[in-house]
Amino acid sequence: MKRIFSGAQPTGGFHLGNYLGALRNWVELQREYESFFCVVNLHALTNPQDPKELAAKTREVARLYLAAGIDPEVSTIFIQSDVPEHAELAWILNCIARVAELERMTQYKDKAAKQREGVGAGILNYPVLMAADILLYKTDLVPVGHDQKQHLELTRDLAERFNRDYGETFRIPEAFIPKVGARIMSLSNPQKKMAKSDENPQSSIALLDDAETIRRKLKRAVTDSGTEIRFDETRPALTNLLTIYRLLTQRTPQEIEEHFAGKGYAQLKGELADVVVEFLRPFQERVHGISDEELERILESGRERASGIARATMEEVKNRLGLHGAHSRN
Ligand code: AMP
Ligand code: TRP
């Protein structure tokens, strides 16, 4: 069976973009692949975190995976820092990565431009840790949103470089980026993607928002000029709302346009709010329905399954590099 690996950071409010761009596809694909879904808490450290909050968020994100429909009987859910091989392989890959190629990453450039105190080295090396996550599991497919495409290309480059220099070790992974939903835009600025790091809470719908908040945010969402409700690339704010509606109702664009013919923005926003609220209600119930004990049991068994594979890959990598510890010489 081919393998999937993906992950998300336990920071900020998980939003509809995360669900529609990534999580939804993990759930769809999990039965066709052997799947690993990781809560990447080491990545979160690239920005300052409150330790208590980070610990709580990490558990919360694991709950969101489960509530979205990741089945722990079929897929492996685990926490990145529980498997030390991620950090170990990241160091090794850092030694074959080049500063210039890391400086070319657009996420790095964006973040570096914003940081007045000087950008942390972790932000530069962030995609190398991501490459380690993926390569440790000899992953075939990585389902992510559009913003991760460049990181996947770097991952492939690092794997190819390692294989060329030290012998065939890593599988070269492919990105799985959905045709629709890979880039859900901000509700307050359709030129920007919906992002956890956005300071304006109005810009995104968090998966844990209550009904009233969702209705208010959608009511205030910016719109474009023009009145007709239809999918239209030249009206990005409207198209974004329609895309969310489309993915949550699974109706075709044609059906949706017919449904809204002769209706206006207010009607669309109201109906979209109904759809989002109806979708999130059972989702939120599932989040709260998972007991702490059950969650710990799932994460522990995930840690075990992931560790077995990570350890075997690291053995191979160390052998390739001539890193033989005293205990492993035989
Ligand atoms: P992050 O929020 O960076 O932890 O992202 C977790 C996953 O959600 C990644 O696969 C991202 O590509 C995806 N993602 C984040 N923001 C969006 C968005 N606005 N639209 C679609 N996918 C997204
Ligand atoms: N960088 C990803 C994001 O911000 C999260 C991530 C870390 C990831 N490691 C990964 C995604 C490995 C896929 C595979 O969205």
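## Cavities

By the grid rule used here, the model contains two cavities of 30 Å³ or more. On a 1 Å grid over the protein atoms alone, a cavity is a set of points where a 1.4 Å probe fits but cannot get out, and lining residues have an atom within 4 Å of a point. Grid points are joined across faces, edges and corners, and a volume is the space filled by probe spheres set on the points. This is a predicted model in which local features need pLDDT of at least 70 and side-chain atom pairs count only at pLDDT 80 or more, while totals for chains, interfaces and linings use all residues; side-chain values use heavy atoms, with hydrogens and water left out. Residues are numbered from 1 along each chain as its sequence is written, and chains are lettered from A and ligands numbered from 1 in the order in which they are written.

The largest cavity has a volume of about 50 Å³. Its lining consists of Gln 107, Tyr 108, Lys 111, Ile 123, Tyr 126, Pro 127 and His 151.

## Second largest pocket

Of its 17 lining residues, Arg 183, Glu 233, Thr 239, Asn 240 and Thr 243 are the closest to the centre. A pocket is an open set of points with protein on both sides within 12 Å along at least five of seven lines. The lining of this pocket comprises eight nonpolar, four polar and five charged residues.

## Helices 7 and 8

Helix 7 (residues 121-136) packs against helix 8 (residues 149-166) at an angle of about 65°, with the axes 9 Å apart. Helix 7 is therefore roughly perpendicular to helix 8, a term for angles of 65 to 115 degrees. Axes are lines fitted to C-alpha atoms, for helices over the stretch in contact, and angles run from 0 to 180 degrees between N-to-C directions.

The crossing of helix 7 and helix 8 is right-handed, that is, the near helix is turned clockwise from the far one by less than a right angle. Tyr 126, Pro 127, Met 130, Ala 131, Ile 134 and Leu 135 of helix 7 meet His 151, Leu 152, Leu 154, Thr 155, Leu 158 and Ala 159 of helix 8, contact meaning heavy atoms within 4.5 Å. This contact has 10 nonpolar, two polar and no charged residues.

## Helices 4 and 13

The axes of helix 4 (residues 85-94) and helix 13 (residues 292-321) come within 10 Å and cross at roughly 25°. The two helices are therefore roughly parallel, the term for angles under 35 degrees. Glu 85, Glu 88, Leu 89 and Ile 92 of helix 4 contact Ala 310, Arg 311, Met 314, Val 317, Lys 318 and Leu 321 of helix 13. Six nonpolar, no polar and four charged residues make up this contact.

Notes
Ala, Val, Leu, Ile, Met, Phe, Trp, Tyr, Cys and Pro count as nonpolar, Asp, Glu, Lys and Arg as charged, and the others, Gly among them, as polar. Helices (H or I, at least four residues) and strands (E, at least two) are DSSP runs, numbered from the N terminus. Angles under 35 degrees count as roughly parallel, over 145 as roughly antiparallel, 65 to 115 as roughly perpendicular and the rest as oblique.
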